[in-house]
Amino acid sequence: MFVHPDEDTRADGGFQGERAVLVGYLRDQRLTLELKCAGLDAEALARRSVEPSNLSLLGLVRHLAGVEQHWFRQVMAGQDVRRHYRSEEDPAGEFTGAVADPAVVADAWTTWRAEVAFAEQLVAQAPSLDITADAGGAGAAGAAGEEAMELREVLVHMIEEYARHNGHADFLRERIDGRVGQ
């Protein structure tokens, strides 16, 4: 096992009600990402999967910080903020900039945790999961004319996003030190 069950902070279900289910499963997926990266130094976190891919655990942390920022800050809160790690010159900057530097690692975790905290606060303060983001509005994800997106759909999307990338993290971690997921 990757971690002894007594040391596993994930709930793995048992939630009651729609909001608790969505928030609980997303929290567990976020904790899984941290678990997959635990105990690794900057060199291991930045290690690429296989050529020609630029996929790394550090790149995933940086990518997911940007995904959190996009869906919760930009889409749901309507904030006009510059994307983390990406630019027009380097649209894959989340991954290409994931280098074996302790300062880059520290920044990635600080940024990711700040975006997760923002998202958790936004969701906790939302009067219901029915609140919407205008998909055609400024800073939103969609093109003009698209239907509004409910907070519940964003939460489901985030669970799916983390689940997919945590699968990548399983393979990356196994390649680094042989530890396999649970």
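The following questions and answers concern a predicted model and the terms applied to its parts.

Q: What is the overall make-up of the protein in terms of helices and strands?
A: The protein has six helices and two strands. Read from the N terminus, the elements follow the order α-α-α-α-α-β-β-α. Of its 182 residues, 45% count as buried. Among contacts between residues at least 6 apart in sequence, 69% join residues at least 24 apart.

Q: Why is the pair of tryptophan 109 and tryptophan 112 called edge-to-face?
A: By the rule for ring pairs, the count comes to one aromatic pair. It is formed by tryptophan 109 and tryptophan 112, with 5.5 Å centre to centre and 85 degrees between the planes. Ring centres must lie within 6.5 Å to pair, and planes over 60 degrees apart count as edge-to-face.

Q: Where in the protein do tryptophan 109 and tryptophan 112 lie?
A: Both residues belong to helix α5 (residues 102-125), where they are three residues apart, about one turn of the helix.

Q: What makes tryptophan 109 and tryptophan 112 count as buried or exposed?
A: The limit for buried is under 20% relative accessible area. Tryptophan 109 has 12% and is therefore buried. Tryptophan 112, at 2% relative accessibility, is buried as well.

Q: Why are α3 and α6 described as roughly antiparallel?
A: The axes of helix α3 (residues 57-76) and helix α6 (residues 151-177) come within 10 Å and cross at roughly 175 degrees. Angles over 145 degrees count as roughly antiparallel, so α3 is roughly antiparallel to α6. Residues of α3 that make the contact include Leu57, Leu60, Trp71 and Phe72, and those of α6 include Leu151, Met158, Tyr162 and Ile176. By class, this contact has 15 nonpolar, four polar and two charged residues.

Q: How do you know that tyrosine 25 is partly exposed?
A: Partly exposed residues fall between the limits for buried, under 20%, and exposed, over 50%. Tyrosine 25 has 36% relative accessibility, so the residue counts as partly exposed. Tyrosine 25 is placed in helix α1 (residues 18-37). Leaving aside residues up to four places away in sequence, tyrosine 25 touches Gly13, Phe15 and Ile159. The C-alpha atoms of tyrosine 25 and glycine 13 are separated by 7.1 Å, although the two residues are twelve residues apart along the chain.

Q: What makes tyrosine 85 count as buried, and where does this residue lie?
A: With a relative accessible area of 18%, tyrosine 85 falls under the 20% limit and therefore counts as buried. Tyrosine 85 lies in the loop between α3 and α4 (93-96). The residue has a positive phi of about 70 degrees although it is not a glycine.

Q: What is the value of omega at the cis peptide bond joining glutamate 51 and proline 52?
A: For this bond, omega is about 0 degrees. Proline 52 is found in the loop between α2 (42-46) and α3.

Technical notes:
Residues are numbered from 1 along each chain as its sequence is written. This is a predicted model: local features need pLDDT of at least 70, side-chain atom pairs count only at pLDDT 80 or more; totals for chains, interfaces and linings use all residues. Side-chain values use heavy atoms; hydrogens and water are left out. Rings of Phe, Tyr and Trp (its six-membered ring) pair if their centres lie within 6.5 Å; planes under 30 degrees apart count as stacked, over 60 as edge-to-face and the rest as tilted. Helices (H or I, at least four residues) and strands (E, at least two) are DSSP runs, numbered from the N terminus. Buried means under 20% relative accessible area, exposed over 50%, partly exposed in between (1.4 Å probe, protein chains only). Axes are lines fitted to C-alpha atoms, for helices over the stretch in contact, and angles run from 0 to 180 degrees between N-to-C directions. Angles under 35 degrees count as roughly parallel, over 145 as roughly antiparallel, 65 to 115 as roughly perpendicular and the rest as oblique. Contact means heavy atoms within 4.5 Å. Ala, Val, Leu, Ile, Met, Phe, Trp, Tyr, Cys and Pro count as nonpolar, Asp, Glu, Lys and Arg as charged, and the others, Gly among them, as polar.
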